[in-house]
Amino acid sequence: NTKDSDVLENAGKDLMYHTLLAGLLGVDDMILHVGGFYGDKIESMERFVYNFNMLPPKTKELLRVENDDKTYHMEDVLSLSEEINVPAVLDIHHDRCNPTYNKTIWDVRYGMMETWYKRGLQPKLHISTGKDSTKDRSHSYLLSEDDIDLVLEYCSSNIDIMVEAEQKIEFNDGV
């Protein structure tokens, strides 16, 4: 959603390169943040939609949009998801740092999952723990106990969960 034509051109080239790479590797999606704020969130979201519609069909088919930790909360992303007809990815850590107004994590979870199910796809979710607190935008090397419990709750659903942590924990109980 940049206003800079050179940045936009390079982003388009990068997305087309990754589309080609995804095809070669058999990858079925590419997850993308919406981008900057540029002084006007609504205008920036409209520019994102416009620029998205200029992309080649295969690139548009692979793209998914994700909430971020400071500008575009999940309600913004769900709105964009509907407008450009792509699934939305919920990042729980980002939702803690930049929460959706008047919605619980379970409300946005339901909305996110619907964007996948109505397309016949398995939902994807990202989770990480803040380094020093739940709202710390830096990622911790491990998941907190609360986040592990949350992942186990989500595992009751048919959903892919990506853990964003440098050091992974091995469970001995088969989980």
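Reader: Which element gives the largest share of the lining of the largest pocket?

Author: The model is a predicted one. Helix H1, residues 5–25, supplies the largest share of that lining, with 13 residues. Strand S1 (30–33) and helix H2 (41–53) also give two or more residues each.

Reader: What makes a residue part of the lining of this pocket?

Author: A lining residue has an atom within 4 Å of a point of the pocket. For the largest pocket, which holds about 540 Å³ of space, 32 residues line the space, and the closest to its centre are Ala11, Gly12, Leu15, Leu32 and Leu55. By class, the lining has 19 nonpolar, eight polar and five charged residues.

Reader: What is the handedness of the crossing of H2 and H4, left or right?

Author: The crossing is right-handed.

Reader: Which residues of H4 are called buried, and what cut-off does the word imply?

Author: Buried means under 20% relative accessible area. In H4 the word applies to Met74, Asp76, Val77, Leu78, Leu80, Ser81 and Ile84. The buried residues of H4 pack against H2, strand S2 (63–66), strand S3 (88–91), helix H5 (92–97) and helix H6 (105–117). Just after H4, asparagine 85 takes a positive phi of about 60°.

Reader: Why is leucine 121 called partly exposed?

Author: Its relative accessible area is 33%. Buried requires under 20% and exposed over 50%, with partly exposed in between; leucine 121, at 33%, is therefore partly exposed.

Reader: Where is leucine 121 placed, and what is it in contact with beyond its neighbours in sequence?

Author: Leucine 121 is in the loop between H6 and strand S4 (124–127). Leaving aside neighbours within four places in sequence, leucine 121 is in contact with Arg64, Pro87 and Trp116. From C-alpha to C-alpha, leucine 121 and isoleucine 159 are 9.6 Å apart in space, while they are 38 residues apart in sequence.

How values were computed:
Residues numbered from 1 in each chain as written. Predicted model: local features only at pLDDT ≥ 70, side-chain atom pairs only at ≥ 80, totals over all residues. Heavy atoms only, no water. 1 Å grid on protein atoms, 1.4 Å probe; cavity = no way out; pocket = protein on both sides within 12 Å on 5 of 7 lines; lining within 4 Å. Points joined across faces, edges and corners; volume = space filled by probe spheres on them. Helix = DSSP H or I, 4+ residues; strand = E, 2+ residues; numbered from the N terminus. Nonpolar A, V, L, I, M, F, W, Y, C, P; charged D, E, K, R; others polar. Left-handed = near helix turned anticlockwise from the far one by under 90°. Buried < 20%, exposed > 50% of the residue type's maximum accessible area, 1.4 Å probe, protein only. Contact = heavy atoms within 4.5 Å.
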